Amino acid sequence: MAESPHAPAPSPPRVFVYGTLRPGERNAALTTRFGPPTVQRATLPAFRLFHLMPEGYPAIVPGDVGQGVRGEVLSYSLEVWRQLLPLLDALEGVEETPPLYRRERVRVTLALGGAAEVWTYVYARAARLEQSGAVLVSSGDWLQRP
């Protein structure tokens, strides 16, 4: 169900990015469209990261203790978040049938210490990860993909 454009965007106004939305990657321009975020390096514990080929983008799914995904937390003002969130959801295929990703609230560990509640996009098509071209990125960092 789509949210009303006048409804407040879900809090917190932060998203953990781990792939094409990371600074310097091909979809990063979207993350600054309405204003620059504050960027903090972070790790999402107990998740696994895959590189999907030929799609050319990453997928994360819940994993085991000891596994983790590295990326950045992008924090926004409420006004910018309200404008940006529908665009992020569209890019990530949240409204597709079946959805490509689900937006989920998770807890990340910040590189400078502490933790934060954030949104991230978790891959929703588990069967794809059993097919050829789904490569586990053991480092947990998509920038170090095979």
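In what order do the 3 strands of the open sheet stand? The order is E4-E3-E8, with antiparallel pairing.

## Basis of the description

The model is predicted: local features need pLDDT of at least 70 and side-chain atom pairs count only at pLDDT 80 or more, while totals for chains, interfaces and linings use all residues. Residues are numbered from 1 along each chain as its sequence is written, and side-chain values use heavy atoms, with hydrogens and water left out.

## The open sheet

Helices (H or I, at least four residues) and strands (E, at least two) are DSSP runs numbered from the N terminus; two strands pair if DSSP finds at least two bridges between them. In the sheet E4-E3-E8, E4 and strand E8 (134–136) stand at the edges, each with a single partner strand, so one side of each has no neighbour in the sheet. On average, neighbouring strands are turned by 35° against each other, direction ignored. The axes behind this angle are lines fitted to C-alpha atoms, for helices over the stretch in contact, and angles run from 0 to 180 degrees between N-to-C directions.

Strand E3 (residues 47–52) runs antiparallel to E4 and is joined to it by 6 bridges; Phe47 has Pro62 in E4 as its bridge partner. These two strands form a hairpin with 4 residues between them, and Gly56 in the turn has a positive phi of about 80°. E3 also pairs with E8 in the antiparallel sense, over 3 bridges, where the partner of Phe50 is Leu136.

## Aromatic pairs and charges over rings

There are 4 aromatic pairs in the structure. Rings of Phe, Tyr and Trp (its six-membered ring) pair if their centres lie within 6.5 Å, and planes under 30 degrees apart count as stacked, over 60 as edge-to-face and the rest as tilted. The pair of Tyr57 and Tyr101 is tilted, because the ring centres are 6.4 Å apart and the planes stand at 55°. Tyr57 lies in strand E4 (residues 57–62) and Tyr101 in strand E6 (residues 101–110), so this pair ties together parts that are 44 residues apart in sequence.

Tyr101 also forms an edge-to-face pair with Tyr123, at 5.3 Å centre to centre and 75° between the planes. This pair links Tyr101 in E6 to Tyr123 in strand E7 (residues 115–123), 22 residues apart. Tyr57, Tyr101 and Tyr123 form one aromatic cluster. Buried means under 20% relative accessible area, exposed over 50% and partly exposed in between (1.4 Å probe, protein chains only); Tyr101 is buried at 3%, and Tyr123 is buried at 5%.

A charge sits over a ring if NZ of Lys or CZ of Arg is within 6 Å of the ring centre and within 35 degrees of the ring normal. The charged end of Arg103 sits over the ring of Trp119, 5.1 Å from its centre; that of Arg145 sits over the ring of Trp142, at 3.7 Å.

## Nonpolar core

A nonpolar core is a set of buried Ala, Val, Leu, Ile, Met, Phe, Trp, Tyr and Cys residues joined through side-chain atoms within 4.5 Å. The largest has 39 residues, of which Phe16 and Val108 touch the most other members. Elements that give two or more residues include strand E1 (14–17), strand E5 (68–75) and helix H2 (78–91); E7 gives the most, with 6 residues. Leaving aside neighbours within four places in sequence, Phe16 has contacts (heavy atoms within 4.5 Å) that include Val69, Val108 and Trp119.
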